[in-house]
Amino acid sequence: MIKSIYILFMTLGLAVSGCGLNDDSEIIIAIDTEFPGGNIKIDSIRGAEVYLRPDLRGNGTDWFYWYFAATSATNDSVKFIFNAPGCLGIRGPAVSLDGGLTWNWLTESEMRANEFSYLLEAGREIRFSMGMPYVEADFRRFIKPYATHPSVRLDTLCITPKGRVTERLTISPGTGRPGKHRILLTARHHACEMMTNYLLEGLVSAVLSDDPQMIALRNNSEFWIIPFMDKDGVEQGDQGKNRLPHDHNRDYSGESIYCSTAALRQQTPIWASRGLDFALDLHCPRLTGGKYEETIYMLGLEDPDIQRQQYAFLRQLIAAGTGPLRLDTDTSFLPFGVSWNTSENYSEGRNFSSWAASLPGTRMASTLEAPYATHKNITVTPQNLRLLGKDIASGLYRFLNIGEHTAR
Ligand SMILES: [Zn+2]
């Protein structure tokens, strides 16, 4: 059963779902979402105009994640028009010519419309998304070269209700002795926020590199890295953000309803019995809207001691920065109580960073928001997000005073 292939019949001008092709009709375009991360709903088709919207799948609010493949039988310029607001970021859609392996924004110029056109070549599948999708296969491809690295271990945090593995990547000294510092990194509490995984790739590559500072960092540390907190949501192409009855990042109070959050809450206090030295949860903000959608920033926590440590880390990150995505002390921190960062925003349940900050002995916990498409007019790409990940690793080295430890 091909449940999500929609065929556009030029002669009939309407869309049908299923695999029953009409031989007499001229097929212009087939739209497919039957792959990891796929998501779209077709509303109607009028000529070469396709009207569509994200598939919310019972989400609690409107959201903007979508990802589909389009194949045309003929060379056609097709216009894709969204019937829901805010479905395209400032660089337009991302486009993949290789089945989702690599992505580029459609435009480098500023785009504020909610539609785009693309010249489809006959018989060639092109993938489109509001961001640059990153699913399990991408992570597996990334981590494979590190499989024999003595500091790397990949195991399972939990098995999801759909039977999928929630991966846990451990990076440790690799000498059989535990590292002194406990560092917990998470991404995809909200399934749609895929750009964070490119940042995570850069961070992991840096920590596992031969750079002397990075060797010292991993010799003194033990990392737990969870690349997909909502693994089912990522693979299914769910929105994830504002999932009902609450999403993964509101699942840290009461009894957790998701396996990944339950496992972290159960296992972390044992693993980090002397406290977490550093906990960072990676997010993307909304796709459009204003200053918090187009800048990288950290979210201040209510606990003033933790907030001071967040500032301290930010200062080290700024000092360590060498990549194109630079942070600063003015715009890269949203203190608790300012704008939307208030306790009202967390009324549905405690989030990761607040939970991590509450554990005995935690030094620093934070959320980092990394936009999908632009940071202060710089186009966000997988390449420069990886460099930001490298900068975060260097900032972490400085924040933990690793140089002091190794000099002694
Ligand atoms: Zn998020």
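Trainee: Which residues of strand 16 are buried on one side, and which on the other?

Mentor: This is a predicted model. In it, Phe278, Leu280 and Leu282 are buried on one side of strand 16, and Ala279, Asp281 and His283 on the other. Both faces are covered.

Trainee: Why is strand 16 called largely enclosed?

Mentor: Strand 16 covers residues 278–283. Six of its six residues are buried, so the rest of the structure largely encloses it.

Trainee: What makes strand 14 and strand 16 a pair?

Mentor: Pairing takes at least two bridges. Strand 14 (residues 181–187) and strand 16 are joined by five, and they run parallel. Therefore they pair. Leucine 185 has leucine 280 of strand 16 as its bridge partner.

Trainee: How do you know that strand 16 pairs with strand 19?

Mentor: Five bridges join strand 16 to strand 19 (residues 365–369). At least two are needed, so they pair. These strands run parallel. Alanine 279 stands opposite alanine 365 in strand 19.

Trainee: Why is asparagine 242 called partly exposed?

Mentor: Asparagine 242 has 17 other C-beta atoms within 10 Å. Exposed means 12 or fewer and buried 20 or more, so asparagine 242 falls in between.

Trainee: What is the phi of asparagine 242?

Mentor: Phi is positive, about 65°, although asparagine 242 is not a glycine. Most residues other than glycine have a negative phi.

Note on methods
Residues are numbered from 1 along each chain as its sequence is written. This is a predicted model: local features need pLDDT of at least 70, side-chain atom pairs count only at pLDDT 80 or more; totals for chains, interfaces and linings use all residues. Helices (H or I, at least four residues) and strands (E, at least two) are DSSP runs, numbered from the N terminus.
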